Amino acid sequence: GSGCEAGSRRQPDQADDDLLDRGRGVHRIPPLREADGRDAAHGAGRGRLQRQDQAPPRPPAAGGRRAAGRQLLGRPHRVPPPQHQARLQARGPHQDVRRGSSPSPANRHALWHSVVYDSCGSPFSFTRICVCYRVFLSHKEFLWLFALQTINLAAICTPADYNTRPLDTIYSNFIDALPVVRYCSENNKRLIHFSTCEVYGKTLGSYLPKDHPLRQESEFYVLKEDASPCIFGSVEKQRWSYACAKQLIERLIYAEGAENGLEFTIVRPFNWIGPRMDFIPGIDGPSEGVPRVLACFSNNLLRREPLKLVDGGQSQRTFVYIKDAIEAVLLMIENPARANGQIFNVGNPNNEVTIKQLAEIMVQVYSRVSGEPPLEAATIDVSSKQFYGEGYDDSDKRIPDMTIINKQLGWNPKTSLRDLLDSTLTYQHRTYAEAVRMAMVKPVASS
């Protein structure tokens with residue numbers, strides 16, 4: 001009978017709970033047997049797989065810490081999308097999955113869809129899902145099966161890598177993201193994809209003379225998701241490898257939405273900063289590593305070194321506190337009807353400073369947090385070639401327009417630049433000051 005029949009059935013055992021909670025316990029599922037004399041592979045989509053020594057479980061009750069996963073297991077079947085129907089027909093009869101069988105990758109894929117999309121019209125059972133996971137699915141595939149949406153944060157996103165590791169940067173941000181987009185599109189999963197404010201590249205104002213009055217007009221530097229052009233430097237400036245890869249995956253996601261109905265939201269972060277951002281070289285990251293600006297300056301402050309200003313620190317940026325940014329992401333997750341198909345700038349235009357001004361504020365805040373007086377020469381200028389190497393280029397200004405996210409989600413950032421730097425540098429000092437001091441003493445002691 002059906003694995004979801006009502007009646008006097010046992011409740012799911014600990015192995016079942018482990019499977020839902022941690023993807024473990026599968027090895028405890030006993031061998032399979034055929035039910036009702038039908039083929040275990042569901043050749044016609046109507047067979048049943050059961051445990052050899054136990055009757056199928058009844059549907060789990062709603063509520064409790066595993067309610068979401070169990071409710072998903074108890075949902076009625078879904079009719080396969082047309083592209084999956086065509087694939088199933090093209091692959092032909094399914095291979096038997098009784099113990100000891102070794103299905104080909106094609107039959108494995110086709111069989112899995114015959115189980116999920118049960119053509120007999122009854123809900124698919126917990127036991128059958130366990131069986132399919134045991135025989136066919138990796139841990140990652142199992143997790144993806146039950147996820148209603150995917151949030152893709154994977155990237156190489158450190159400026160020092162863009163022109164020194166351009167191939168890794170392109171592969172990480174475009175090639176490696178392709179399977180995620182394809183999976184979400186083919187399996188009707190919602191995708192929240194993290195892009196970058198760097199897709200805007202340079203502003204229109206950067207091509208005007210420095211004293212031109214139009215440089216002060218907002219339309220020449222404020223970046224709008226649906227209007228601002230994406231302007232990059234020449235190909236030999238490999239600093240733009242990151243921005244180009246991110247823009248191309250954005251265009252692919254947008255095309256999947258237009259042609260195949262992918263539900264997506266694209267996030268363009270504008271310098272999210274806060275505690276636990278990035279690494280401190282030689283402490284929890286490579287000694288020769290170059291983290292992003294906040295961690296770079298924090299490292300200089302912890303070691304009582306001058307803060308290095310690339311090309312004088314004249315580039316302008318905005319900074320938003322991580323807690324404010326996470327609130328925006330939660331609104332996207334919780335309001336799919338208002339977020340689907342949208343591209344959102346997530347930043348704080350009120351926290352605009354030049355990199356030089358950021359360094360000066362950080363010196364003041366850290367002196368108060370640590371109780372140490374600032375250095376007499378707190379900053380020094382270095383060239384971009386000296387700091388980042390050949391092929392580096394930069395954008396002059398990145399100020400986000402917040403109209404769309406405010407209209408769709410009602411979100412506005414709250415934390416001022418001084419408040420977020422106070423919180424962040426307090427954390428950096430408490431976490432790293434002693435470790436940095438010990439690291440600086442060791443070479444002296446060893447000599």
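**Notes on aromatic contacts**

1. The charged end of Lys 397 sits over the ring of Tyr 221, 3.8 Å from its centre, where sitting over a ring requires NZ of Lys or CZ of Arg within 6 Å of the ring centre and within 35 degrees of the ring normal. The charged end of Arg 276 likewise sits over a ring, that of Tyr 427, at 5.6 Å from the centre.

2. This is a predicted model, in which local features need pLDDT of at least 70 and side-chain atom pairs count only at pLDDT 80 or more, while totals for chains, interfaces and linings use all residues. Residues are numbered from 1 along each chain as its sequence is written, and side-chain values use heavy atoms, with hydrogens and water left out.

3. The structure holds six aromatic pairs (rings of Phe, Tyr and Trp, the last by its six-membered ring, with centres within 6.5 Å; planes under 30 degrees apart are stacked, over 60 edge-to-face, the rest tilted). One of them is the stacked pair of Tyr 162 and Tyr 242, with 4.4 Å centre to centre and 5° between the planes. Because Tyr 162 belongs to helix H7 (residues 159-162) and Tyr 242 to helix H10 (residues 241-260), this pair ties together parts that are 80 residues apart in sequence; helices here are DSSP runs of H or I with at least four residues, and strands are runs of E with at least two, numbered from the N terminus. Both Tyr 162 and Tyr 242 are buried, meaning under 20% relative accessible area with a 1.4 Å probe and protein chains only.

4. The ring centres of Phe 194 and Trp 272 are 5.6 Å apart and their planes lie at 80°, so this pair is edge-to-face. Phe 194 is in strand E4 (residues 190-194) and Trp 272 in strand E7 (residues 272-273), so the pair ties together parts that are 78 residues apart in sequence. Phe 194 is buried, at 9% relative accessible area, and Trp 272 is buried, at 15%.

Definitions and conventions:
Buried means under 20% relative accessible area, exposed over 50%, partly exposed in between (1.4 Å probe, protein chains only).
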